[in-house]
Amino acid sequence: MRVLATYNIKGGVGKTSTAVNLAYLSARDGARTLIWDLDPQGAASFIFRIKPRVRGGGKGLVRGKSSLEDAIKGTDFDDLDLLPADFSYRNLDLLLDARKKPITVLRQLLRPLSEDYDTVILDCPPGISLVSESVMYAADTLLVPLIPATLSLRTFDQLTDFVTNINDRPPTLAAFFSMVDRRKRLHRDVVATLTARRGDLLRTEIPAASVIEQMAERRAPVAVFAPRSVAASQYESLWAELR
Amino acid sequence: VPDATKYFVADPGQAGVFERAMVALAPRYSVVQSPVRDVVRTWLDTDDWLLHRAGLVLEQRASSDGIRLILQSTGDAERAQTIEQSTWPARIDVLPEGAIRARLRSVVGIRALLPTAVLRSRHQDLRVLNGDQKTVVHLTIESSASVEETPLADQLALSAVRGYQDQAERVAVRLVTVPGLSAIEGSVYERALSAAGRAFGDDAPQTAQLTASMPASNAVVAVLHGFLFTVERTLGGVVDDIDTEFLHDFRVGVRRSRSTLKLAGDVLESAAAQQLGRDLKWLGDLTSPTRDLDVYILGLPDMAAGLQSASPADLEPFRRYLLSQRRTEFRRLVRALRSARFRDALEHWRALGLLAEPSDPGHQTSAGQLAAQRLRQAHRRVTKRGRSIGPDSAPESLHDLRKRCKELRYLLEIFRPLHDPATHGAALKDLKGLQEVLGEFQDAEVQSLAVREFAATMISTRSAPAPTVLAMGELAAQLSAHQRHARTEFAASFAAFDSADSRAWFRELTRGSSS
């Protein structure tokens, strides 16, 4: 089982869109895939038309009183399941903090699923918290969408330092530009500069496209309702780089 | 069968049932229909139902969309994979690498997959949506007929999307109220098998209906006909060379029949028994060369992996030589199995029952008496010969003991229906342990000698380069080491068989032999 997680300290950078589209592509390739919507806003759950509610809430899951497996819902797509968000996830930090070795908890919770799924994608809420640390500890690959802004490099450098210091098994960082508008000179310049300075960025850029915004309206991954769009083909390229 | 799907069938003569079902769902759910598809559903298993026994169901679905292989297992999510292969029987090596092949390999090993049932179906998939337009239940309307043209009742299959079992229950409750639609138990696979005239586990011979009081001759005929069932059932697989285990099972049927004749054939009419004995010897000799070569070929990868100085690649000429020999022997075997002599042998075997009428029913030995008497004799022979074997005894004494153990084992198996299962199992346990050691001793010797003979032949025909001969020498040494190891284990395994406890189990089984 391979665990990928979308993460950025900032919100609105395309984490959920990335998680949803990559999860869809993973399942389309025949891998049994689970997406865990860890963001209490429940955007990924909403896109898949699944109610953002987990019996027993985050408390039940973190304390091991309710099973992750019982909370999983099938999406409308073959081989793709979703573990819904729950509003109680807003307190996940506190719940984790009450446990011994809090950053290992998510990884432990995922372990029983290793027979059932080939790919797990964690859609992480923004911010730096125990939740994000736990996600980094659980993930094999951390997907980091970067918006083309000068501060993005600084944020990414900080994240690289932070991840390197995770004991035991630091995840591989897979950063890529997101919400790129090639019509804007600033975006083009920032992409060129940052790519030159950091040679370890993924090649694919996800554009700032209206079809991506439409995901919330159409409640489906881009490839389902706009398979010939540039955005769909860019997610395809991104997945090909990660596969 | 691991199938969480619920099935409903249209009652015979009822028209428009599924339309009424959709009307019944309409007030609460919206239903989205997909176009109708023609699908050929082929279920696969090994000849001995290994997948079924492991709680697995493997189905190939072929439609205009392509061919999908679907593996279901109890308590596990379904796995599906697109494949190219659609010709069966075949070994699982023809499948693409992936989770399905890996899972199957651990269960079926060297056995081939064969179609167990085939349905030609017309499918209509429907999705039941909740208020969020989310699919919560999948429905499939299916009209099918087996390839034998037996129609199955039109059915509606209902399966819940994960996490929406409660919704599926509600849909099911609405469906059962539809006139002309009935919920049924059992999977479509079971119905497809039934339409094909098959059933799970139909490879097993009909258990001989033995009773202790029946005439011994009738019991022996029933046992021999049970083995005939195995021989006739595996014959097609042997001739078509589906996998090596058909020949193995065929030979087991022949070998056990020979032993039965040897150990208890004196209660049969003697001319018929003698004729069958000659036929069975011929069949045993006929099938030995191919089976022996199968054993070498199947065992070669493991032996090659154990080479210390030579490389496994050095054995490639040896492997090719074995395969070529096997092709030659197999052709010879198939010719014989298509001969009039073989047909006559089967006729003699089938006709045996007609000659088994007791000449004087009042004085016939009963099956119970025969079983007890022959088991006691066989047990005594094993015990006596085993006790006479010391550390310096010749290998032949162990080989002889192995044959006597086999006889005892066959008798135990033949007369199993007459025994208390617990006593039978206990008596068998230590005998099996002893047989394993003796088998390893014998096999290692036979194979080691064979490797030397193969090497001599290959050298004389200039088909063995020097590295191959050296590697074969190492194989022979490896086998000799196995044999020495088995020899050191003999004393302990015989002591377990000859323990007071074990003897008591056999006494229990042979009680009444003098009556």
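This is a predicted model: local features need pLDDT of at least 70, side-chain atom pairs count only at pLDDT 80 or more; totals for chains, interfaces and linings use all residues.

Residues are numbered from 1 along each chain as its sequence is written, chains are lettered from A and ligands numbered from 1 in the order in which they are written, and side-chain values use heavy atoms, with hydrogens and water left out.

**Stop 1: the sheet in chain A**

Show chain A as a cartoon. Eight strands make an open sheet with mixed pairing, running S3-S4-S2-S5-S1-S6-S7-S8. Strand S3 (73–74) and strand S8 (205–207) of chain A are the edges; each has a single partner strand, so one side of each has no neighbour in the sheet. (Helices, H or I with at least four residues, and strands, E with at least two, are DSSP runs numbered from the N terminus; two strands pair if DSSP finds at least two bridges between them.)

Now pick strand S1 (residues 2–6) and strand S6 (residues 141–146) of chain A, which pair in the parallel sense over three bridges. Within this pairing, A:Thr6 has A:Leu143 in S6(A) as its bridge partner. Next, select helix H1 (residues 15–28) of chain A: this helix packs on the sheet, touching S1, strand S2 (33–37), strand S4 (80–83), strand S5 (119–123), S6 and strand S7 (172–180) of chain A, and its direction makes about 170° with that of S5(A). Helix H9 (residues 185–197) of chain A also packs on the sheet, where it touches S7 and S8 of chain A, at about 165° to the direction of S7(A). (Contact means heavy atoms within 4.5 Å; axes are lines fitted to C-alpha atoms, for helices over the stretch in contact, and angles run from 0 to 180 degrees between N-to-C directions.)

**Stop 2: salt bridges**

How many salt bridges are there over all chains? The search of the whole structure turns up 48. (The test is a side-chain nitrogen of Lys or Arg within 4 Å of a carboxyl oxygen of Asp or Glu.)

Start with A:Asp200 and A:Arg198, joined in a salt bridge at 2.8 Å, N to O. A:Asp200 is partly exposed at 42% relative accessibility, while A:Arg198 is buried at 13%. (Buried means under 20% relative accessible area, exposed over 50%, partly exposed in between, with a 1.4 Å probe and protein chains only.)

Jump to chain B and select B:Arg233 with B:Asp47, a salt bridge at 2.7 Å, N to O. B:Arg233 sits in helix H6 (residues 216–239) of chain B and B:Asp47 in the loop between strand S3 (37–45) and helix H2 (50–53) of chain B, so the pair ties together parts 186 residues apart in sequence. B:Arg233 is partly exposed at 24%, and B:Asp47 is buried at 9%.

Now try B:Arg111 and B:Asp48, whose closest N and O atoms are 3.4 Å apart in a salt bridge. Both B:Arg111 and B:Asp48 are buried.

For a network of salt bridges, select B:Lys262, B:Arg381, B:Arg385, B:Asp400, B:Arg404 and B:Glu407 together.

**Stop 3: rings**

Over all chains, the search finds 12 aromatic pairs. One of them is B:Tyr189 with B:Phe200, edge-to-face at 5.3 Å centre to centre and 80° between the planes. (Rings of Phe, Tyr and Trp, its six-membered ring, pair if their centres lie within 6.5 Å; planes under 30 degrees apart count as stacked, over 60 as edge-to-face and the rest as tilted.) B:Tyr189 is buried at 4%, and B:Phe200 is partly exposed at 24%.

Then go back to B:Arg111: its charged end sits over the ring of B:Phe246, 5.0 Å from the ring centre. (That takes NZ of Lys or CZ of Arg within 6 Å of the ring centre and within 35 degrees of the ring normal.) In chain A, the charged end of A:Arg219 sits over the ring of A:Phe46, 3.9 Å from its centre.

**Stop 4**

Zoom in on the peptide bond from B:Trp88 to B:Pro89, which is cis with omega near 5°. Then revisit B:Trp49, where phi is near 60°, a positive value in a residue other than glycine. B:Trp49 lies in the loop between S3 and H2 of chain B and is buried at 1%.
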